[in-house]
Amino acid sequence: MISKTFCPLPWVHQATYSDGSILLCCVAENESDKNLNRGSLKEAWNSEHWKNTRKQMLADQAPTACQRCWVEEKNGYRSHRVTELAIWENRLGPEGMRMLLDHTQEDGTLTLEPRALDLRLGNTCNLQCAMCRPQDSSKWTGLAKKIHAVAEDPLLRGDMGYKTRINQADFEWQDRPEFWTDLEEKLPNLTEIIIGGGEPMLLHAHTEFLERAVRSGHCGHIQLRYHTNLTVLPKHFLDLWVRFERVEILASIDAFGEKNHYVRYPAKWDDIERHLRWLEEMPPERFRVGILSSIHLLTLFDFDQLLDWVAAQKFKLVTHGFKDMTLPGIVMHPNYLNVQNYSAELKERTAEKLRSCMERHPRARNKLPGVLNFMFERDGSERLPAAREYVMRLDSIRKTSFPAVFPELASLLLNP
Ligand code: SF4
């Protein structure tokens, strides 16, 4: 082991965020002063933030930007760091890993180029997911203002206040020619590009990126990985995708049927199901399709229903090649949606349902025990009033009904 806190990402990867921020990875805190509205990926790569992070990791220290991984590991949950470490050790082998260190200077400067990018090319999205925000979905801008205008709970009001403070002009950096020049210079060294959003299938810069990568002739050594809500899947992307080495689609699906429609509002289950069936027909040697599920206060209690549905589909491609039936991602923000906020009774009932689910589906045993540990680790029930007011405000503005869609959860959650 290189060090107890070593993560390969600061050596191989850069992540962009929809507002132009440049991050160590998609789960890292934003502690860099570099931004694509003013600067470039190249400037960030050996900036003080990246150099210090590398130095700290080599010295067994835990950089504060990587908080989330340390919290997850402390709770016995497989962090993004551990997952990425396994991926890159496998990809590069011992010699490749050693090469990363050999090219790291004493002050943290790295004399190698990044091999992977995570591109969030804007915030245009067609959904208004419960745990989301305007920075990730343009559909949230109006909703945040409406809730902020009426919110009474201080936690909810504070969160909505933060969500109203965005400047849409910050999200248009992908039109800067400097960004594309920088990106095209990086293409020869890249082996992986992760594409998120917003909803990538709706982002014009995503189409432009695919076309530029194909024209450059470098697409054959690049693997694409998508984070998509799978409600939109234009078939013409297939002509471009087949030119890349491999394509991985990670579909964000948090619940089954109308519960998913409520949480990922207003996603239509029929569209998602149709697109999963379409992806089932893709050549398995080129395509991998998984399901990513956001675990929060609205989704964990009925998570067993989604797993039962996945098992019943008997997919041949979708979810294959993954240890898990769906890959759960714990939502920590907004904090009133954290599953640690469940009451003691709700935690017991949830654990009971999920243990029985793990009996039915051995593949669910990989990550769900860590999720349950996380849920029990802290009593966050003081945040329940904010969560209750939040669903009430959502229902009032969207004309939805949380109790009608989640009857059992609502009876346990809404009654103090
Ligand atoms: S330690 Fe975690 S947060 Fe930090 S770069 Fe690695 S995966 Fe990202």
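Visitor: Hi! How many helices and strands does the protein have?
Guide: There are 18 helices and 10 strands in the protein, taken as DSSP runs (H or I, at least four residues, for helices; E, at least two, for strands) and numbered from the N terminus. This is a predicted model, where local features need pLDDT of at least 70, side-chain atom pairs count only at pLDDT 80 or more, and totals for chains, interfaces and linings use all residues. Residues are numbered from 1 along each chain as its sequence is written.

Visitor: Thanks. What share of the residues is buried?
Guide: Of the 416 residues, 43% are buried, meaning that 20 or more other C-beta atoms, placed from the backbone, lie within 10 Å of the residue's own.

Visitor: And which residues touch the most other members of the largest nonpolar core?
Guide: Ala251 and Leu337, in a core of 108 residues. Such a core is a set of buried Ala, Val, Leu, Ile, Met, Phe, Trp, Tyr and Cys residues joined through C-beta atoms within 7 Å.

Visitor: What is Leu337 in contact with, leaving aside neighbours within four places in sequence?
Guide: Its partners are Ala130, Met131, His296, Leu297, Leu298, Val331 and Ala387, with contact meaning C-beta atoms, placed from the backbone, within 7 Å.

Visitor: Switching to the ligand, which residues come nearest?
Guide: Cys7, Cys25, Cys66, Cys69 and Arg81, out of 13 residues around the ligand. α1 (9-12), α4 (67-74) and α5 (80-102) each give two or more residues to that shell.

Visitor: Which element gives the largest share?
Guide: That is α5, with 3 residues.

Notes
Buried ≥ 20, exposed ≤ 12 C-beta atoms within 10 Å, placed from the backbone. Contact = placed C-beta atoms within 7 Å. Near = placed C-beta within 6 Å.
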